Amino acid sequence: MASEYVPILGLVGQLSSASPTRTWQSAPHPYLPIVATATSDRTVSIHSLRDFRILSTISGGHKRSIRSVAWRDDGKKGESVLATGSFDSSVGIWKREDAYTKDEGGPAGGMTEDDLDLSNEGFTGSESIRGEDSEDWQFAVLLTGHDSEVKCVAFSPSNPSLLATSSRDKSLWIWEAISEEDDYETIAVLTEHSGDVKCVAWHPEREILASGSYDDSIRLWRDIEEEGDWGCIGCIEGHGGTVWGVTWEPRLGKASREELRLASCSDDLTIRIWKKAAPERREERKPGALPSIIRPPSSTELWQQDAILPQMHSRSIYAIAWSKISGRIVSCGGDGNIFVYKEVESNESEEAASMQGTDSNGEAPDRRWQVVAQIGGAHDDYEINHVCWAPRQDRGKQQDDEEVILSTGDDGVVRVWTLP
């Protein structure tokens, strides 16, 4: 790969005045053309993805750096809900009434300039929101319980009433919104990890949670009906260092496989793809014969490595994101570089090609990942803490399914990149 030319990402723009200090993570809104950024100055910056100007600064809810932000997407018209996780060990829930009309169809909710006037309906571009004193963003509730820094927050796409939080205290908490008045109750405290829990990610279609940890492992969790409680249903080992990020494969139309895969990135400089292993065949026995051991069906899932992406980073890989539009993966890390990977079919024999996408085992043909774009020193000499995909919304947009990459760095800057 080193001898091959790799196209360079193009810089579209930079979000204005995200923070005078470090920025940790950015989260695009599920359907509005805005993005929230967590900063070390205890604030959240809200920017427009149309012209990259700052629209609001949310502050007053936390005493230390805000490390993570997540939007709740429950299909509710007229209201945005944002969760913030802080180094002060608490989680904040913020709400804002939106002046817009949500079109149900099309990318990013099908929003048009007529659907949302950010400059005239509340988002003035100069407002500074101060917690409970704000007429726009309301600091609805403060969730406490973690004993140390909150590293990640995430709402479930399949059940938006569920919120997962992870912490340096080696635990994950799962909270559930139980009323319209923002009452949350703790439904699980999960403590099987032996180190900081760096990240959590919900399965896009099922109430299954993945977590990555300082203990080098990935764990999978769900509500186990036969046990009546949340529990660990799988432990994935294979990384040789801290697991900084996990992300689920999105469902990309009919071409997607039945079981979605999971990607992870680590201190060991690798990005790995994992897939659920086929269940073992049960031992056959004669009709009427009892099994040697009577036990309830096992809830444990076995996962195996599907691929290792080309090793491009020279320092820890802090974040990865799997595009819901193109199926590509983007990564960033301590070396200040960004790489984009695409999965392609390996060279197939005529026999394999004639099988119309399946092999003798009924599985997809062998595939491999290749680097299709990159940018070195994306934030000059600073580390990049986070990358994510977002639908393109600025004036340079040429296609409905066009997307951009948002990179969030130690320099207090969020930059917007386009694929070559």
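A residue is called buried when its relative accessible area is under 20%, exposed when that area is over 50%, and partly exposed in between, with a 1.4 Å probe and protein chains only. The model is predicted, and local features need pLDDT of at least 70, side-chain atom pairs count only at pLDDT 80 or more, and totals for chains, interfaces and linings use all residues. Residues are numbered from 1 along each chain as its sequence is written, and side-chain values use heavy atoms, with hydrogens and water left out.

Strands, like helices, are DSSP runs numbered from the N terminus (strands are E runs of at least two residues, helices H or I runs of at least four).

Two strands are said to pair if DSSP finds at least two bridges between them. Strand 7 pairs with strand 6 in the antiparallel sense over six bridges, and in this pairing Ser68 has Gly85 as its bridge partner. Strand 7 is also joined to strand 8 (residues 91-97) by seven bridges, again running antiparallel, with Arg96 as the bridge partner of Ser80. Four residues lie between the strands in the hairpin of strand 7 and strand 8, where Ser89 takes a positive phi near 75°.

Elsewhere, an open sheet of four strands has the order 1-29-28-27 with antiparallel pairing. Its edge strands, each pairing on one side only, are strand 1 (10-14) and strand 27 (384-391). Within this sheet, strand 28 (residues 403-409) is joined to strand 29 (residues 414-418) by five bridges, and Ile405 has Trp417 as its bridge partner.

Charged side chains form a further theme. A salt bridge is a side-chain nitrogen of Lys or Arg within 4 Å of a carboxyl oxygen of Asp or Glu, and a search of the whole structure finds 24 of them.

| Salt bridge | N to O distance |
|---|---|
| Asp51 and Arg53 | 2.9 Å |
| Lys151 and Asp196 | 3.7 Å |
| Glu343 and Arg261 | 2.9 Å |

Glu343 lies in strand 25 (residues 338-345) and Arg261 in the loop between strand 19 (243-248) and strand 20 (262-266), so the pair ties together parts that are 82 residues apart in sequence. Glu343 is buried at a relative accessible area of 17%, and Arg261 is buried at 2%. By contrast, Asp51 is partly exposed at 44%, and Arg53 is partly exposed at 24%. Glu343 and Arg261 also take part in a network of salt bridges that includes Glu249, Lys275 and Arg367.
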